[in-house]
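Hi,

Here is the model I said I would pass on.

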Amino acid sequence: MKPDPVIEALLSTLAADPGNHPVRVHVARLLLDAGSPADALTHATTVLAAEPDNLAALRVAAAAAGATGDAAKAASYGRLADALAPEPATPEPPAAALAAGVPDTADEILQQWQTSPAAAEPEIGALGAAGITLEDVGGLAEVKKRLNLSFLAPLRNPELRVRFGKSLRGGLLLWGPPGCGKTLIARALAGELGASFYEIGLSDVLDMWIGSSERNLRGIFDTARRNRPCLLFFDEMDALGQKRSNLRAGGVSMRGVVNQMLAELDGASTDNEGVFVLAASNHPWDIDSALLRPGRFDRTILVPPPDLAAREAILRFHLRGRPTERLNLAKIAKATEGMSGADLGLLCEQGTETAMDASMTTGQFQPITQQHLEEAARSVRPSIGEWLEVARNYALYGNDAGAYDELAAYLKKRRR
Ligand SMILES: Nc1ncnc2c1ncn2[C@@H]1O[C@H](COP(=O)(O)OP(=O)(O)OP(=O)(O)O)[C@@H](O)[C@H]1O
Ligand SMILES: [Mg+2]
C-alpha cells in the first residue's frame, strides 16, 4: 500500500495523543477503505479495549474482521453494535400535515407554514407528544390512585370541580428518590390528558436564566400556552432552592426567578387555561418555600421507591434493545427490594458490562444472562438508605404543614 499522507498525519497525531479515540476510529476507517483491514482491526480493537461500547469502533471492527476473512468475529462485533445502536427513530409526519395534503397555492403554503409545529418550537427544553399513559407505568397502584383523585378526575370533570370548589390553579409536585418514575409519570399524565408534554430541566437552564430570567421564564410559559393543552413539566425543581441559590448565583438573582415563577403560576395577567404545571424533585426540602404555598405547587405526591411490579418494569426498561437470554425478571425484582430506579439502572449496566466483557474476551457473542444480572444484583449497593434517612428527618421534624405525611405513612408501612 502506498503511504497515504492523511493517514500518516493522523497516525502521528495518535502517537502524540494515543487516547484520542475519535481519531483512532477515523484512522481505522481510512485504513479499511485503503485496503488494510488487519491494521484497521488493530486500531478498532485498541479503542474497544478502552471503550467496549464505542459504536463506531464496533462497526469498523465488524467490517475489518469480515475483510480479513474472520466471519465469526465479524458477526459478533456486528451483533454487539446492533444491540447498542439506538432504536432507529421513526419520524412520523404530524397528522395535520398529512390531512392537509400538498399545498397548491401560495395561500395554502402560508397557512401550513403558520400552523406548522415548527413555528412553536421552543428555545429551551423539549416539547413533544407524551406517547404513554399511566398504564405504561408499572406498579405504584397507590400513586396512580392519588393522581387520579387529586389531578386527573377534577380536570376531566369540570362540573364536579365547580361543585366542590376545587381550583385548578397551581401545580402538582412529584417527589421521591432518583430514578423511580417521576419523569415517566409526568409524561404519562400528559398522555392521559391528551396534552403535549413540555419538559424543562431547571438546573440546565438556570445558568441561562441568570440576568434574563424574567424573559426566559415568560417565554417558556408562552410556549406552553401556544401549545395547549400542554403539560409543562419543571424537572429538578430543587434547583430553584434557596440553599442552592446561595451557592450558585447569590440569592438576589435567584429571587428574581422565583418571583417570576410565582407570577406565571398565579397567572394574574395571563390565561393559564389548558396549561398544567408539574414539577419534580428529589429534594423537595430544598425548594423555596414560597413556591409550595397554596395556589402554587401545593399538591405534592410522593413517588416512593418502586414496589415489586415497578421494579420489574424498571428492569425491563433498562434492558430493552439489549441482547438477553430468556430472563426471569420477576425473580430479580424480588431480590432487589429497597433499590431505587437509579440503582436498578446501575444493576442492568453492570450485567451488560459483564456480558460484553465475556464477548470481548472469548470473541464469541454472549447475551446478557440471568446469572449476569443476579451477580450484579448482589454487588449493587442500594442507595436509597441515605435518601430515606434525610427524608425521614424532614418527616419527623419538618412536617408542620403535613407536607411529608405521605412519607410518614410509607415509612410506617415499610417497617411492618
Ligand atoms: N414504575 C415504573 N414503570 C415502568 N418504568 C419505570 C417505572 N419507574 C421508572 N421507570 C423507568 O426508569 C427510568 C427512570 O425513571 P424516571 O426518569 O421517570 O425517574 P425519575 O424519578 O424522574 O428520576 P430522576 O430523579 O433521576 O429524574 C424511566 O425511563 C422509566 O422508563
Ligand atoms: Mg426525572
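**What I found**

Let's start with two helices: Arg311, Ile314, Leu315, His318 and Leu319 in H15 meet Gly341, Leu344, Gly345 and Cys348 in H17. Residues count as being in contact when their C-beta atoms, placed from the backbone, lie within 7 Å. By type, the residues of this contact between H15 and H17 are five nonpolar, three polar and one charged. Here Ala, Val, Leu, Ile, Met, Phe, Trp, Tyr, Cys and Pro are nonpolar, Asp, Glu, Lys and Arg are charged, and the others, Gly among them, are polar.

Before going on, a word on the source: this is a predicted model, where local features need pLDDT of at least 70 and side-chain atom pairs count only at pLDDT 80 or more, while totals for chains, interfaces and linings use all residues. Residues are numbered from 1 along each chain as its sequence is written, and chains are lettered from A and ligands numbered from 1 in the order in which they are written.

**The helix pairs**

H15 (residues 308-319) packs on H17 (residues 341-362) at an angle of about 45°, with the axes 9 Å apart. Axes are lines fitted to C-alpha atoms, for helices over the stretch in contact, and angles run from 0 to 180 degrees between N-to-C directions. That angle is why H15 and H17 count as oblique to each other; under 35 degrees is roughly parallel, over 145 roughly antiparallel, 65 to 115 roughly perpendicular, and the rest oblique. The crossing of H15 over H17 is right-handed (clockwise; left-handed if the near helix is turned anticlockwise from the far one by less than a right angle).

At the other pair, the axes of H1 (residues 5-16) and H2 (residues 21-33) come within 10 Å and cross at roughly 150°, so H1 and H2 are roughly antiparallel to each other. This time the crossing is left-handed. From H1, Val6, Ile7, Leu10, Leu11, Thr13 and Leu14 meet Val23, Arg24, His26, Val27, Leu30 and Leu31 in H2. That contact between H1 and H2 has nine nonpolar residues, two polar and one charged.

**The sheet**

Overall, the chain has 20 helices and six strands. These are DSSP runs (helices H or I, at least four residues; strands E, at least two), numbered from the N terminus. Six strands form an open sheet with mixed pairing, in the order E1-E3-E4-E5-E2-E6, and two strands pair if DSSP finds at least two bridges between them. At the edges are E1 (126-129) and E6 (299-302), each pairing on one side only. On average, neighbouring strands of the sheet are turned by 20° against each other, direction ignored.

E1 and E3 run antiparallel and are joined by four bridges, with Ala129 opposite Ser196 in E3. E3 also pairs with E4 (residues 230-235), in the parallel sense over six bridges, and there Ile200 stands opposite Phe234. E3 (residues 196-201) is mostly covered, with five of its six residues buried. Buried means 20 or more other C-beta atoms within 10 Å of the residue's own, exposed means 12 or fewer, and partly exposed is in between; C-beta atoms are placed from the backbone.

**Around the E4 loops**

What does Met237 touch, beyond its neighbours within four places in sequence? Met237 is in contact with Leu173, Leu202, Ala279, Ala280, Ser281 and Ile287. Met237 lies in the loop between E4 and H13 (242-248) and is buried, with 29 other C-beta atoms within 10 Å. Its C-alpha is 6.4 Å from that of Leu202, 35 residues away along the chain.

Glu236 is found in that loop between E4 and H13 too, and its phi is near 55°, positive in a residue other than glycine. Leu140, in the loop between E1 and H8 (141-156), also has a positive phi near 55°. Most residues other than glycine have a negative phi, and most peptide bonds are trans. Arg228 and Pro229 are joined by a cis peptide bond, with omega about -5°; Pro229 sits in the loop between H12 (213-226) and E4.

**Whole chain**

Buried residues make up 35% of the 416 residues. Of the contacts between residues at least 6 apart in sequence, 73% join residues at least 24 apart.

Cheers
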